[in-house]
Number of protein chains: 2
Amino acid sequence: MNAHQPNASPDERRTVHVREVGPRDGFQNEPETIATADKIRLINALGRAGFKRIEVASFVRPDVIPQLSDGVEVLTGIDLPDDVARMVLIPNSRGLDNALHHRELYEAATLFVSASQTHNMRNINRSVEETMADVAVMGKRILAEDLTYCAVIATSFGCPFEGEVPMDRVLELAEQFAASGATEIGFGDTTGMCNPAYASRFFAAAIERLPGVEVTAHFHNTRGQGLANAYAALEAGCSSFESSFGELGGCPVPKGSTGNIATEDLVSMFHEMGVETGIDLDAVISAAREAQDVLGRKLTSHSIVAGPVIWHPAI
Amino acid sequence: MNAHQPNASPDERRTVHVREVGPRDGFQNEPETIATADKIRLINALGRAGFKRIEVASFVRPDVIPQLSDGVEVLTGIDLPDDVARMVLIPNSRGLDNALHHRELYEAATLFVSASQTHNMRNINRSVEETMADVAVMGKRILAEDLTYCAVIATSFGCPFEGEVPMDRVLELAEQFAASGATEIGFGDTTGMCNPAYASRFFAAAIERLPGVEVTAHFHNTRGQGLANAYAALEAGCSSFESSFGELGGCPVPKGSTGNIATEDLVSMFHEMGVETGIDLDAVISAAREAQDVLGRKLTSHSIVAGPVIWHPAI
């Protein structure tokens, strides 16, 4: 049967936006640097799978993250359909300077901060306040270039160092991003501390407090709850999600943990529920298997082993 | 902070029943037979973790499932707190004859059928109708012995051979079990074909159609949706769940797939949500790590690697 739930009436169908972050968030966390040609081949395969947004590179210092030092070569080498927006991550003003030298190679730029002071200091060696002051300036420059301006708030659901991260604190940072012109804001569960009851409350509140913003859920599967959180966020009205093919990447804290939720598992769940994504599940599974070959190790997504269901109950 | 969500008001707290099935459903699926002494040690550890129900043995023919041929020795050897009910699985009348010779060794007996004709034939070589005719007789014998009479319906959410398994068909079988005196009825997602939207609808309907019955969800994590399904069932009113420590066991279909949801991941999610289980999460993780040592391979639960969260957002 059709993966897009033939039994659901048109009224019951719902469409969500799934953004692929594996080529940046995933490749960055590999112990061995992946060859540029392999990256290009995998990103092109993802482009054919129907994603409308792929995070393909980061303008970080090559000595800090050597795995992504070929960002410009990757951006130059890939060949994506016209309706796929290429997204790049910008860590700071210097990164933005560099990124704007290559303005023609992408359509969306993402700024980020951690909601937790300690995590932000350890991650980018600046306080949250310093980062947000920079954001105001960088946001203007991004908008002036007619790029889509996106933001991500890490440790939105708890910090491995500080523990508590209050919802109000996170939503205030999101409002600051929105005030500086960001039109898409993602909330990252950096070390998998969210649970579905909280995801439900959080996304209902975020959607209410951020009118006109595409509110995006970025969950990790650290404690196996990634898809449960995605389902809870969906039920609370969230319709934009980030995930990584093959379950690549994310923050391996505690040591040895898995990070990002797997795109193929997320898309599989949505399709079985009758929620449309516009994504070809078989093509994502195939790209994840290809990544497995490139990396020479078994990846941890479930669908990579189990494949799509042959039939699923009508919702 | 306390794992049992100190920030939830007493009104917001909710209690669920988590039954451990690893010693039967898990050990049965191991390629190597586990030594009886190891089984006894692991079951005793689970008994100290606070479960009120543990499935410890199956009265199947030893030539069919040699991994469980030491069932009577295990039942005789274990030493569980008085408030822990020992549950055994009964495949047929001959198994029941055998089980009733050892009536004093357990408190609950489970009968089962597959909702799908093909799966039932392949599993126990009888039609669904033949099985249900036997059930009526076996149920009476179980009740006559003053045992708790439980039932499980496999392939409740789809069949790997037939595909579709209509909800009505499953609930009619459940009503037949209830009519024969079963007071607890579990619904098994044998090959992980359920999705959260369907779980929500299914458990709302099952609870309505089975008054006075403890309706139990038994999900598999084949496509990574196990906890999402558990959350959806919980939200639909289900308050009884089966799971397996270490993510042991379940039905490895398609080949290589994972089966049961991990008890420690399920309990971790519930506690973080403020849902009480009465179970000591650290003790379950510790038992799962001990199973890992006994089996000499890495198990696939998430909490076994990541451990409990140090803090979780208040629900």
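Me: To begin with two helices, what is the handedness of the crossing of H7(B) and H8(B)?

Reply: The model is a predicted one. In it, H7(B) and H8(B) cross in a right-handed manner.

Me: What makes H7(B) roughly parallel to H8(B)?

Reply: Helix H7 (residues 167-179) of chain B and helix H8 (residues 196-209) of chain B pack at an angle of about 30°, and their axes are 11 Å apart. Angles under 35 degrees count as roughly parallel, and therefore H7(B) is called roughly parallel to H8(B).

Me: Which residues of H7(B) and H8(B) meet?

Reply: From H7(B), Met167(B), Leu171(B), Ala174(B) and Glu175(B) meet Phe202(B), Ala205(B), Ala206(B) and Arg209(B) of H8(B). The residues of this contact comprise six nonpolar, no polar and two charged.

Me: Why is Phe219(B) called buried?

Reply: Phe219(B) has 29 C-beta neighbours inside 10 Å. The term requires 20 or more, so Phe219(B) counts as buried. The residue is placed in the loop between strand E8 (214-218) and helix H9 (226-235) of chain B. Leaving aside residues up to four places away in sequence, Phe219(B) touches Asp189(B), Cys194(B), Gly226(B), Asn229(B), Ala230(B) and Ile261(B).

Me: How do you know whether Asn125(B) is buried or exposed?

Reply: Asn125(B) has 9 other C-beta atoms within 10 Å. A residue is exposed if the count is 12 or fewer, and therefore Asn125(B) is exposed. Asn125(B) lies in the loop between helix H5 (117-124) and helix H6 (128-144) of chain B. Its phi is positive, about 60°, although Asn125(B) is not a glycine.

Me: What makes Glu247(A) buried?

Reply: For Glu247(A), 29 other C-beta atoms lie within 10 Å. With the limit set at 20 or more, Glu247(A) is therefore buried. Glu247(A) is found in the loop between strand E9 (240-243) and helix H10 (263-273) of chain A. Glu247(A) also has a positive phi, near 60°, and is a residue other than glycine.

Me: How do you know that the span of helix H2 (residues 36-48) of chain B is close to the expected one?

Reply: Helix H2 of chain B has 13 residues, and 18 Å is expected at 1.5 Å a residue. From its first C-alpha to its last, H2(B) reaches 19 Å, which is close to that value. Just after H2(B), Gly50(B) takes a positive phi of about 105°.

Me: Which residues of H2(B) are buried?

Reply: They are Lys39(B), Ile40(B), Leu42(B), Ile43(B), Leu46(B) and Gly47(B). Among the elements that cover them are strand E3 (53-58) and helix H11 (281-295) of chain B.

Notes
Residues numbered from 1 in each chain as written. Chains lettered and ligands numbered in written order. Predicted model: local features only at pLDDT ≥ 70, side-chain atom pairs only at ≥ 80, totals over all residues. Helix = DSSP H or I, 4+ residues; strand = E, 2+ residues; numbered from the N terminus. Expected span 1.5 Å × (residues − 1). Contact = placed C-beta atoms within 7 Å. Axes fitted to C-alpha atoms, helices over the stretch in contact; angles between N-to-C directions. Parallel < 35°, antiparallel > 145°, perpendicular 65-115°, else oblique. Left-handed = near helix turned anticlockwise from the far one by under 90°. Nonpolar A, V, L, I, M, F, W, Y, C, P; charged D, E, K, R; others polar.
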